[in-house]
Amino acid sequence: MAKAFAICATSLLLAVSSGVTVASAQAADPTAFASGADVQAQVREMLAAMKPDQGFMWRPLVRDGATVAAIEIWKKPGRPAVHPAEAEYAIVLDGAGTLVSGGTMADQKVTNPNLVEGSRIEGGATRTLGPGDVILVPAGVPHWFGITGERLVLLGIKLPQAK
């Protein structure tokens with residue numbers, strides 16, 4: 001028994017001194033995390049990387065497999081869009097804009113399986129956006145972001161539709 005203890009203790013010391021992490025009985029925290037400073041730094045880096053005529057940039061901030069929370073910077077309005085199988089959740093971090101959602105989208109064109117774009121939204125609801133606003137657009141609902149001012153910065157997440 002003393003010999004077995006000595007072997008286990010020696011193995012543990014070797015693992016610790018070599019930098020190998022020894023698994024504990026408690027599982028590692030699976031939470032993806034970005035501090036407020038991380039978010040601000042990523043926004044600054046993205047703004048510095050955008051070309052003068054570039055209207056949109058998207059970059060992941062944290063992820064859990066296919067689920068991604070990303071920073072979206074809009075300097076020009078995009079095209080009206082529908083995500084057929086994903087809800088879109090967003091928080092306005094900076095800037096100002098307009099959200100038009102609902103109604104029907106004209107001239108629909110499938111861009112990829114997760115995105116249908118159009119030329120305009122007819123009969124949608126219009127909302128003014130500013131820092132702190134929270135948006136949840138259900139899967140299959142047309143939406144469009146307009147920009148008022150220099151830019152609109154969002155923390156955006158696509159949520160798969162429940163099956």
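Predicted model: local features only at pLDDT ≥ 70, side-chain atom pairs only at ≥ 80, totals over all residues.
**Entry 1: Trp144**

I started with Trp144, which sits in strand β11, residues 143-160. Is Trp144 buried, exposed or partly exposed? I got 25% relative accessibility, so I put Trp144 down as partly exposed.

Next I looked up what Trp144 touches, skipping residues up to four places away in sequence. My list has Pro77, Gly78, Arg79, Pro80, Thr98, Leu99, Val100 and Ile121.

**Entry 2: the largest pocket**

I read off a volume of about 560 Å³ for the largest pocket. I found 24 lining residues, and Trp58, Glu72, His83, Glu88 and Lys158 are the closest to the centre. By type, I noted 12 nonpolar, 6 polar and 6 charged residues in that lining.

Which strand gives the largest share of the lining? I found β11 there, with 7 residues. My list of strands supplying at least two lining residues each is β1 (56-64), β2 (67-74), β4 (86-101), β7 (115-117) and β11.

**Entry 3: salt bridges**

I have 6 salt bridges on the count. I went through some of the pairs.

Arg79, already on my Trp144 contact list, pairs with Glu117, the closest N and O atoms being 4.0 Å apart. Arg79 is in the loop between β2 and β3 (81-82) and Glu117 is in β7, so this bridge ties together parts 38 residues apart in sequence. Arg79 came out partly exposed, at 49% relative accessibility.

Asp94 pairs with Arg151, with 3.3 Å between the closest N and O atoms. I noted this one as a link between distant parts of the chain, since Asp94 is in β4 and Arg151 in β11, 57 residues apart. How accessible are the two ends? Asp94 is partly exposed at 32%, while Arg151 counts as buried at 19%, because the cut-off for buried is under 20%.

Arg120 pairs with Asp107, and I have 3.4 Å for the closest N and O atoms. Arg120 is in strand β8 (residues 120-122) and Asp107 in the loop between β5 (104-106) and β6 (109-112), 13 residues apart. I logged Arg120 as partly exposed at 42% and Asp107 as exposed at 54%.

How values were computed: Residues numbered from 1 in each chain as written. Heavy atoms only, no water. Helix = DSSP H or I, 4+ residues; strand = E, 2+ residues; numbered from the N terminus. Buried < 20%, exposed > 50% of the residue type's maximum accessible area, 1.4 Å probe, protein only. Contact = heavy atoms within 4.5 Å. 1 Å grid on protein atoms, 1.4 Å probe; cavity = no way out; pocket = protein on both sides within 12 Å on 5 of 7 lines; lining within 4 Å. Points joined across faces, edges and corners; volume = space filled by probe spheres on them. Nonpolar A, V, L, I, M, F, W, Y, C, P; charged D, E, K, R; others polar. Salt bridge = Lys/Arg side-chain N within 4 Å of Asp/Glu carboxyl O.
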